[in-house]
Amino acid sequence: LQLKMSEINAISGQAIVMDMAGNIKVMVGNGQKQPSSLMRTVSLHKALETGKVHLSDTIDTEEGVAIINGDTIKDHNWHRGGYGKITLKQGLAFNSSIAVAKATQMAGVEAVDSLVTPLEMLKLFNGIIKNDSLKSAFRFCITEGLGRPASTDKVEVAGLSGRKVVSKANLEKPEYAVEFIGYFPADEPKYSIIVSMNKIGFPASGGLMAGSVFKDIVDCMAAK
């Protein structure tokens with residue numbers, strides 16, 4: 001974690017390893033309560049539980065900019081024309097805020113956007129992965145989505161990357177949280193891991209930055 005933080009000039013960071021019983025095995029660095037793009041997993045889980053939406057549903061993310069419930073939402077690639085029509089599973093794997101927002105709207109549930117610490121997020125995630133509804137999407141994120149840098153040949157993993165603006169004190173160079181959350185083995189989870197780092201300005205990639213730290217942690221644990 002420290003090596004990656006130095007490499008990307010991060011101003012803070014935290015990595016936590018937890019078992020499926022909720023016991024913390026490793027916790028390093030400092031986490032703070034702040035917005036997290038990973039909270040979209042909680043929103044989507046609530047939407048899927050209604051039975052009104054499914055991961056195979058096609059969602060129109062338009063050109064990366066959409067007005068939903070009066071709010072203007074932009075996907076991270078809006079300046080490149082967005083993703084257009086994609087499945088909800090792809091929307092989660094590609095970090096599409098629009099896809100998740102439209103899914104929650106279709107399901108009639110409110111999007112969850114609470115401030116959380118990395119530890120709080122990992123506890124929520126542990127509860128979600130005990131339910132099979134999102135496991136295929138978490139695996140898809142590793143094989144086809146923005147979580148590819150977290151992939152390892154040591155063991156099959158699953159998870160999700162994210163990036164969120166946490167402060168706009170400097171409008172030219174906002175502060176981002178780059179994050180990755182996941183678990184292994186993918187078929188029968190034993191451990192879950194979250195990596196979260198805050199940095200100023202671009203580049204800011206949850207998969208490339210936090211995902212690579214996740215991979216290093218998994219490789220280390222798998223070797224023991």
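**A chat about the fold and its rings**

Guide: Tyr183 counts as buried, with a relative accessibility of 0%, and please keep in mind throughout that this is a predicted model.

Visitor: Which residue forms an aromatic pair with Tyr183?
Guide: That is Phe125, and the pair is tilted, with 6.0 Å from centre to centre and 45 degrees between the planes. Phe125 is buried as well, at a relative accessible area of 0%.

Visitor: Why does the pair tie together parts that are apart in sequence?
Guide: Phe125 sits in helix 5 (residues 118-129) while Tyr183 sits in strand 8 (residues 175-184), so the pair links parts of the chain that are 58 residues apart in sequence.

Visitor: What does Pro118 touch, not counting residues up to four places away in sequence?
Guide: Pro118 touches Gln14, Ile16, Gly31 and Gln32, and also Ile194 and Ser196. Asn23 is 95 residues from Pro118 along the chain, and the C-alpha atoms of these two are separated by 15 Å.

Visitor: New topic, then: how many helices and strands are there in the protein chain?
Guide: The protein chain has seven helices and nine strands. Its radius of gyration is 16 Å, close to the 17 Å that the globule rule gives for 224 residues, so the chain is as compact as a globular protein of that length.

Visitor: What box do the C-alpha atoms fill, and how much of the chain is buried?
Guide: Taken along the principal axes, the box is roughly 45 × 40 × 30 Å, and 51% of the 224 residues count as buried. If you look at contacts between residues at least 6 apart in sequence, 66% of them join residues at least 24 apart.

Visitor: What about the surface and the charges?
Guide: The protein chain exposes about 10,600 Å², of which carbon and sulfur atoms supply 50%. There are 25 positive and 23 negative side chains, and the centres of those two sets lie 2 Å apart.

Visitor: Now helix 4: how many of its residues are buried?
Guide: Eight of the 11 residues in helix 4 (residues 97-107) are buried, which leaves this helix mostly covered. The buried ones include Ile98, Val100, Lys102 and Thr104.

Visitor: What covers them?
Guide: The cover on the buried residues of helix 4 includes helix 2 (40-49) and helix 3 (88-93), along with strand 3 (58-60), strand 4 (65-68) and strand 5 (71-74). Following helix 4 comes Gly108, whose phi is positive, near 75 degrees.

Visitor: And why is helix 2 largely enclosed?
Guide: Eight of the 10 residues of helix 2 are buried, so the rest of the structure largely encloses it. Among these buried residues are Arg40, Ser43 and His45. The buried residues of helix 2 pack against helix 3, helix 4, helix 5, helix 6 (135-143) and strand 7 (158-167).

Methods:
Residues numbered from 1 in each chain as written. Predicted model: local features only at pLDDT ≥ 70, side-chain atom pairs only at ≥ 80, totals over all residues. Heavy atoms only, no water. Helix = DSSP H or I, 4+ residues; strand = E, 2+ residues; numbered from the N terminus. Rg over C-alpha atoms; globule rule 2.2 N^0.38 Å. Buried < 20%, exposed > 50% of the residue type's maximum accessible area, 1.4 Å probe, protein only. Contact = heavy atoms within 4.5 Å. Areas by Shrake-Rupley, 256 points an atom, 1.4 Å probe, with all protein chains shown as cover. Lys, Arg positive; Asp, Glu negative; His and termini not counted. Charge placed at Lys NZ, Arg CZ, Asp CG, Glu CD. Phe/Tyr/Trp six-rings, centres within 6.5 Å; stacked < 30°, edge-to-face > 60°.
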